[in-house]
Amino acid sequence: MTAGRIPVGERFRGFRARLAADGVFRPQRSSARLGHGPKVGVGPAATAPPADAAGSVGAMGPAGAVGAADAPVVGPPRDAPPVARRRGRGGRGGEELRVPEAEFTSYYGRPILKAPVWRWDIAAYLFTGGLAAGSSLLAAGGQLTGRPALRRAGRVTALGAVTASAYFLINDLGRPARFHHMLRVAKPTSPMSVGTWILTAYGPAAGLAAVAEGAPLLPARGVFSPVRRLLPPAGQVAGLAAAAVAPALATYTGVLLAGTAVPSWHEAYPELPTIFAGSALASGAGVGLLAAPCAQAGPARRMAVAGAALELWGAHSVETRLGLLSEPYRIGTAGRLLRAGRLLTAAGVVGALAGRRSRVLSALSGTALLAASVATRFGIFHGGVASARDPKYTVLPQRERIRRREAGQV
Amino acid sequence: MGLRTFIAGWPVYRQLTGTDPLGRGAAAQSGRSAGLTARTETADRVARSVCPYCAVGCGQRVYVSDDRVTQIEGDPDSPISRGRLCPKGSASKSLVTSPLRQTTVRYRRPYSTEWEDLDLDTALDMIADRVLAAREQTWEDVDSDGRPLHRTLGISSLGGATLDNEENYLIKKLFTAMGALQIENQARI
Amino acid sequence: MAEAHPVGFQWVMEAKRRGAKVFHVDPRFTRTSAVADSYLPIRAGTDIALLGGVVRYILDNELDFREYVLAYTNAATIVSEQFADTEDGDGLFSGYDPNTDSYVQTSWQYAGHEADSGSGHTAKERDSAAGLRHESHGAQVHGQVQRDETLQHPRCVYQILRRHFARYTPEMVERVCGIPREKFLELARAWTENSGRDRTGALVYSVGWTQHSVGVQYIRTGAIIQLLLGNMGRPGGGILALRGHASIQGSTDIPTLFNLLPGYLPMPHHADHPTFDEWVDSIRHPGQKGFWGNARAYAASLLKAYWGDAATPDNDFCYDHLPRMTGDHGTYQQVLNMIDGKVRGYFLLGQNPAVGSAHGRAQRLGMANLDWLVVRDLFMIESATFWKNGPEVATGEIVPTECRTEVFFLPAASHVEKEGTFTQTQRLLQWREKAVEPPGDARSELWFFYHLGRRLRERLAGSPHRRDRALLDLAWDYPTHGPHDEPSAEAVLREINGYDVSTGRPLASFAEAKDDGSTAVGCWIYSGVYADGVNQAARRRSRHEQDWVAAQWGWAWPANRRILYNRASADPQGRPWSERKKYVWWDPQAGEWTGYDVPDFEKTKPPTYRPPQGASGPAALAGDDPFVMQADGKGWLYAPSGVLDGPLPTHYEPAESPLRNPLYGQQANPTRKVYAHPVNSVNPSPPQEHSQVFPYVFTVSRLTEHHTAGAMSRTVRPLAELQPEMFVEVSPELAAEAGLTHLGWAHLVSGRAVIEAKVLVTDRLTPLRVDGRVIHQLWLPYHFGYEGLVTGDSANDLFGITLDPNVLIQESKVGTCDVRPGRRPTGPALRDLVEDYRRRAGIVPGDRPPTVTTPVLRPAGRSDDGPREKGADHA
Amino acid sequence: MPDANSLYGPLDPAPDAGWTAAGPRMGFFTDTSVCIGCKACEVACKEWNAVPESGFDLLGMSYDNTGALTANSWRHVAFIEQPVPAGHRTAAFAGDPTGGSAGATSAAVAAGTGSASGTNPGVPPGDADAAARMAGTVPSVAPDGTGTRFLGMPGAAPPGRGTGAETRTDFRWLMMSDVCKHCTHAACLDVCPTGSLFRTEFGTVVVQEDICNGCGYCISACPYGVIDQRKGDGRAWKCTLCYDRLGAGMTPACAQACPTESIQYGPLDELRDRAAQRVATLHERGVPQARLYGHDPTDGVGGDGAFFLLLGEPEVYGLPPDPVVTTRDLPRMWRRAGLAALAMTAAAVAAFVGGSS
């Protein structure tokens with residue numbers, strides 16, 4: 001643990017604890033409504049059957065019906081207990097949106113949301129960040145269990161990946177020269193801020209660990225000799241520190257994407273960290289399979305299996321559980337990428353298991369796992385972007401939510 | 001800036017020590033934001049004016065800093081407009097500060113295909129020459145019955161609806177004294 | 001109103017919030033319609049039929065405000081038995097002279113006044129746009145009139161009105177305007193129900209009413225309704241003209257117009273006004289009632305202001321220095337003269353006729369045939385670059401290397417770079433403070449004309465020529481200041497206000513003007529704006545610190561009066577008509593008129609005052625004659641003189657119409673001003689043949705986001721981006737008929753031009769069922785031209801030149817055209833297309849459309865009969 | 001200390017953001033029933049805030065040539081043409097020889113236009129079918145979701161075809177000046193990693209241009225699609241509710257300019273009272289469609305600092321019907337991430353500890 005992270009984490013944990021104690025995330029003031037909720041419910045509109053509102057998704061209805069079809073949105077107050085939500089899997093999380101293909105409307109059909117402006121850098125970062133995390137875990141495992149090949153490969157890959165990550169992140173900024181503004185604040189409400197501090201903690205540790213691998217290259221005498229002597233133990237500590245932060249690094253990116261208004265990202269928040277954790281493990285394993293001799297690669301194979309399991313479960317879940325919002329993950333670029341990821345993952349796992357004795361097969365399966373991770377990350381990225389670009393994914397789930405809320409009240 | 005000031009100004013420090021632990025408000029405010037003030041507050045002077053577009057006559061306040069117009073907005077005191085402006089009136093600052101405004105005299109020689117530059121003083125002299133010449137060439141002193149006409153129909157003028165009353169007064173006065181009768185403006189259109 | 005005067009519209013919204021009903025009549029559904037209580041789509045150019053329907057509704061149901069009508073209007077006045085109405089003349093009144101296409105007004109006069117009143121023959125008045133000067137000074141009526149207070153006399157105005165409007169039934173309104181009966185009745189009911197003692201209704205119009213060949217009569221019809229309903233001179237009532245330019249009211253009051261001098265004094269006519277006395281008497285009509293009786297003082301004081309020490313009673317105040325009119329010298333006549341090579345030089349002062357005036361091609365061709373052109377503007381406008389970028393350059397009609405016009409572009413100062421007053425639409429003068437110096441060579445008009453005048457006078461010093469005396473005698477010594485020797489606008493305003501010549505004391509009001517040369521007044525109606533030596537127009541007392549009339553904000557002419565004829569807000573006895581609508585009333589204790597506003601009446605003249613026999617001028621007005629500028633002190637339901645195209649409004653079809661006039665055999669205004677010039681033409685209308693070549697009606701107007709010809713908006717980024725392209729709005733039905741698609745291109749063809757525009761297919765336009773036919777209307781903004789940040793073809797290019805006879809304003813709110821999908825041709829092919837249409841429509845260059853179309857009266861021996869027949873035979 | 005409702009639910013946001021001496025929360029109430037679509041707000045905003053031009057493109061979206069709120073348009077006036085009754089007045093075209101409405105066709109065509117707004121993502125083209133339904137003439141969608149679909153061939157068929165309306169008799173033209181909502185729970189602010197977006201003492205949400213480094217997170221986070229990135233400049237921009245003017249006790253430029261008081265500025269509590277009264281008045285006057293949007297402090301974003309009176313469904317105006325701040329779910333998201341991290345750790349440990357080789 002580095003110094004930077006503790007206060008934030010503690011603050012946030014405390015904060016969450018208090019929220020939970022206060023009766024969670026839904027305000028409990030429904031009986032004493034603030035503002036003017038009751039007033040707006042007055043009027044002929046309030047008596048219209050809620051079904052009309054659902055029927056009016058996307059349409060005013062014929063001229064004469066406008067009054068009735070138009071109004072219920074305003075009528076019932078919005079603070080009804082979210083019955084449907086609490087029923088979902090994973091607490092309130094898994095809102096299951098079985099929305100039929102329905103008509104919807106928007107202003108000249110244009111997107112209601114602004115699609116992410118993140119370029120491919122961010123998708124690439126999702127991969128490199130995960131790769132770094134997975135590699136650090138691999139390295140730490142190698143370090144603790146005496147598998148120097150895994151350690152070395154993991155540490156070096158981690159440094160490379162985290163360096164690439166930094167590049168991608170800064171390159172994607174509209175004002176790259178202001179990257180250090182990220183360190184102005186530490187905001188628990190901002191996954192990106194949390195991620196920044198995680199990276200701040202992780203980066204130096206991973207770097208030191210990797211540099212330590214270079215200790216034997218230093219001359220044994222002279223000014224560098226103390227360095228040569230001190231580096232390996234420092235690397236051990238740093239490597240473990242990096243590994244400790246690594247799971248956070250690998251999974252916060254799930255929150256990073258989910259913490260947006262992008263429909264298919266946000267609604268996938270239960271799965272995204274899992275997918276990314278799995279993907280990180282698999283990619284780390286891929287490095288191990290590529291770099292380590294068969295004798296040392298056993299943990300990497302098991303990591304590959306575990307990672308693939310998490311990743312496949314998660315990806316399957318987002319492609320099926322979210323109703324309409326699963327659609328963007330199944331079609332178009334995102335669909336192709338995720339299908340490719342699934343195939344590559346499967347191939348990688350099979351190869352890893354089958355190739356216990358074949359360095360070539362191991363290396364191939366390692367490559368497949370890395371490629372799978374890339375494909376999955378880009379697939380998830382594109383799926384979300386597509387969901388933001390089409391107003392359908394904004395309007396219909398929200399309409400459905402209104403309908404259910406109102407139905408729940410009746 | 002000392003290290004202490006630097007740290008005290010660091011929003012993370014302010015988060016930890018101040019009233020805004022989540023860093024969403026007070027702690028995150030930048031120095032620039034804290035020092036922000038409306039430029040109308042710091043203007044050197046304010047001219048009370050009237051919108052130059054339609055004839056509703058909305059009151060405008062023209063704010064000037066360093067002899068440049070920095071803002072034009074509605075005058076809330078006006079009983080006509082109550083401080084409001086339409087899009088055109090609201091665009092008045094862009095109008096008067098437009099980079100497209102022509103600020104030098106341009107001259108097109110007969111049969112020329114291009115503009116040339118011309119000194120304002122020279123332009124005025126040339127126009128005076130031409131006015132006198134046109135007058136001389138087209139002067140009508142009396143009609144066929146000997147009744148006075150005292151005029152020229154060789155000079156025309158169109159405009160005045162966005163000009164000041166004082167300007168129109170001098171225009172009409174001078175043209176009338178010149179005998180130039182064909183003076184018209186938008187009111188005929 | 002929401003489109004073109006959004007900030008003024010706040011008061012409509014305010015009224016609506018308080019329960020007022022808002023009716024909007026427009027050929028297209030606009031931003032005003034969107035918030036109106038009722039929208040009435042109307043065929044462009046038929047408003048008189050609609051309003052005439054309302055007049056009939058009022059009279060038929062006796063819904064007029066009888067007490068007001070009897071006391072304050074000429075309803076009871078008996079009209080000459082020589083008068084014959086359009087109802088008997090198939091659309092022509094008595095007195096029509098087919099040889100001059102104008103009326104002799106003798107038969108229109110009040111009974112007993114046939115010989116001594118009116119203008120007699122009006123052809124000359126048309127050429128001098130005399131209607132404009134009647135804007136304030138009315139027409140003459142001598143002495144007392146015969147009245148029938150029971151309104152039963154068959155020749156009293158009330159009964160004439162009843163007969164005249166009898167055929168304007170709801171069915172006829174529907175047939176002419178395309179407004180369904182129910183819609184019309186809703187309007188008529190609401191209007192009458194919301195007028196009277198306790199309530200008032202206001203009528204708001206803009207150039208949608210003035211830019212017609214019958215424009216003045218549109219407003220006359222409105223005036224008749226408002227007088228019948230008692231809505232004049234009262235708060236919340238009136239006829240409100242929304243003028244379109246910051247000081248267009250000021251440029252009419254202090255006119256840059258050929259036929260007027262400041263304060264609506266007429267420019268002298270060579271034949272009618274050879275001497276000062278004759279000129280003055282033609283204004284004041286000796287013996288007549290009302291405030292024009294003092295016209296000699298106003299006229300003398302003006303000349304004194306012009307020629308200073310040189311102007312003395314002995315030389316008639318240099319009256320002979322004034323140029324004389326001989327006929328029509330209006331802007332359109334000038335343009336045709338330019339084309340004919342008769343004009344040497346042209347000044348454009350913040351005006352862009354290449355885009356803003358009707359028949360843009362004629363405007364540009366005229367400018368291409370000058371010796372020199374001076375353009376003073378903020379931006380490089382189309383009128384300065386016609387020789388380079390105009391459409392005629394593309395068609396080869398203007399070749400830069402062959403165009404001799406010498407062009408001077410002089411940058412102008414903007415409204416914040418000079419000080420001075422604007423007069424807004426309700427006659428309010430507001431002084432603007434100068435904020436900054438103008439940039440570079442930019443200068444105010446004040447600077448330009450002062451220094452131009454100075455140089456001219458220097459050149460001419462010692463000139464022996466009689467013609468130069470007027471310039472040399474001119475009082476032209478204004479103090480200057482600043483780095484550029486800017487003349488003092490306050491000094492000019494002081495002269496406009498007027499001062500005592502001997503003491504220099506500014507006059508307090510025009511009542512102090514003298515006819516003996518002891519006062520100089522630049523514009524008598526503005527007298528008082530500098531009262532007490534204080535710039536009253538610069539007053540800026542906050543609205544929060546005064547009452548709702550806000551009399552201490554700026555200064556309104558006359559005498560800082562905010563509602564004209566406000567004596568009518570009280571009943572004949574001087575009591576408010578109702579508590580709710582009290583405004584100005586007689587205070588018997590104090591023995592004076594009092595109220596929220598400056599009373600528009602002699603302050604101490606009691607309601608019971610009756611003029612002695614033989615009184616004239618203001619003294620001849622009775623205590624219950626509220627319309628103090630009128631010759632009989634009454635509001636004129638019937639105008640025995642002053643309006644050249646009839647004492648009562650009559651529906652005529654626009655000069656270009658696809659329809660035969662359903663009301664009369666007379667198709668269009670028989671007195672309209674037409675120009676038979678090769679460059680001008682009128683698309684054929686029934687009963688002419690080939691009107692179907694131009695089957696559609698188009699109208700143009702403003703968008704909120706742009707200003708007139710675009711020089712002040714297409715050059716300004718935040719405005720240009722809001723409406724970035726020329727477009728035409730069509731109904732879905734017309735789109736289907738003509739094969740137009742949304743955002744596709746279309747081009748519109750008239751007998752003058754072809755222009756192109758992007759198409760907006762919108763439900764906001766509707767076809768109308770008119771006289772059994774379906775009529776399609778198109779709408780275009782007229783803001784676009786070929787310079788600026790955003791450009792497009794100019795809608796005004798489509799129009800020809802036909803003018804209202806009273807004020808010589810062009811009919812540019814309605815015309816006929818054809819519309820076709822796709823872009824227009826370019827280069828010479830463009831003219832070929834127009835020529836093809838002209839050939840098919842039988843348009844002959846220089847031809848004159850038939851003026852009289854009723855068999856009741858056939859013109860005899862007209863020289864232009866021939867071409868007209870030929871035109872019809874052609875093709 | 002942060003309020004229990006710091007992430008969701010009714011909250012007075014300024015004190016929660018550390019402004020101990022904050023005054024009343026200030027905001028906008030935009031009453032679209034009196035909007036005349038003049039766009040003075042757009043221009044006044046640009047003039048005051050020196051917002052760059054947003055493209056000279058004719059979009060064909062009625063009179064809207066701005067298209068959307070972008071980094072270069074902080075106010076956006078929406079125009080919606082519908083051949084349906086306005087409720088309070090006589091049918092606009094009753095008795096006229098009208099055919100079908102072109103509203104759906106024209107809107108569908110307009111959906112295909114784009115604007116060179118100079119921003120990212122700016123104003124991308126839209127979905128023609130959804131646009132066509134905007135005109136409000138499509139038959140109500142059956143509960144099973146079946147409905148007619150727009151043929152997608154504008155101009156090929158006579159206008160009105162496929163819209164269900166044989167003849168149009170009535171019409172309404174909705175106009176609405178859209179703006180940043182200054183949410184009680186502002187996702188943009190919460191996710192901003194630099195503190196560039198912050199809550200002011202007036203309860204408004206402002207991007208600090210000296211801080212923003214253009215990370216783009218706020219853009220994806222906004223449930224209303226308000227924030228946008230300026231090309232070339234790289235930073236995110238949006239309405240500041242004229243933070244500098246507020247500090248000087250002035251009214252924001254748009255509200256000051258608005259000719260008809262469609263945009264009202266003031267303490268949010270007062271505005272909410274006024275808005276409720278206005279809705280009641282409109283209902284009395286026969287406009288049952290009038291409803292408030294964003295006024296409710298218990299809604300998904302804790303109520304908006306800039307709320308609206310609408311005359312139709314929110315999505316017709318380009319507003320989400322039921323926006324929820326993404327950070328509502330943040331605690332659960334972190335919990336999920338924590339679980340995933342644990343699983344990852346466990347898997348790694350197991351990979352090394354378990355197994356034989």
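In chain A of this predicted model, 77% of the contacts between residues at least 6 apart in sequence join residues at least 24 apart. The secondary structure of chain A is simple to describe: 16 helices and zero strands. As for burial, 62% of its 410 residues count as buried.

Moving on to chain B, there is a stretch with a label from a record. UniProt, in an unreviewed entry, lists residues 44-100 of chain B as "domain: 4Fe-4S Mo/W bis-MGD-type". In the model, 16% of that span is helix and 35% is strand. Its end C-alpha atoms sit 26 Å from each other.

Chain B also meets chain C, and the contact draws on 101 residues of chain B and 131 residues of chain C. On the chain B side, helix α7 (residues 165-178) makes the largest contribution, with 13 residues. Sorted by class, that side of chain B holds 50 nonpolar residues, along with 27 polar and 24 charged ones.

Strands take part in linking these two chains as well. Strand β7 of chain B (residues 148-159) runs parallel to strand β9 of chain C (residues 345-349), and five bridges join them. Within this pair of chains, B:Gly159 has C:Leu349 of β9(C) standing opposite. In general terms, strands of a sheet pair through backbone hydrogen bonds, either parallel or antiparallel.

Chain C has a contact with chain D too, made up of 50 residues from chain C and 49 residues from chain D. Several elements of chain C each give at least two residues to the side facing chain D, among them the helices α1 (10-17), α10 (181-193) and α25 (732-738) and the strands β2 (38-41) and β25 (754-761). The makeup of this side of chain C is 28 nonpolar, 14 charged and eight polar residues.

One of the pairings is between strand β1 (residues 26-31) and strand β11 (residues 306-310) of chain D, which run parallel and are joined by four bridges. Here D:Asp31 has D:Leu309 in β11(D) as its bridge partner.

How values were computed:
Residues are numbered from 1 along each chain as its sequence is written. Chains are lettered from A and ligands numbered from 1 in the order in which they are written. This is a predicted model: local features need pLDDT of at least 70, side-chain atom pairs count only at pLDDT 80 or more; totals for chains, interfaces and linings use all residues. Two residues are in contact if their C-beta atoms, placed from the backbone, lie within 7 Å. Ala, Val, Leu, Ile, Met, Phe, Trp, Tyr, Cys and Pro count as nonpolar, Asp, Glu, Lys and Arg as charged, and the others, Gly among them, as polar. Two strands pair if DSSP finds at least two bridges between them. UniProt positions are given in the numbering used here, feature names are shortened, and annotations may be inferred rather than shown by experiment. A residue is buried if 20 or more other C-beta atoms lie within 10 Å of its own, exposed if 12 or fewer, and partly exposed in between; C-beta atoms are placed from the backbone.
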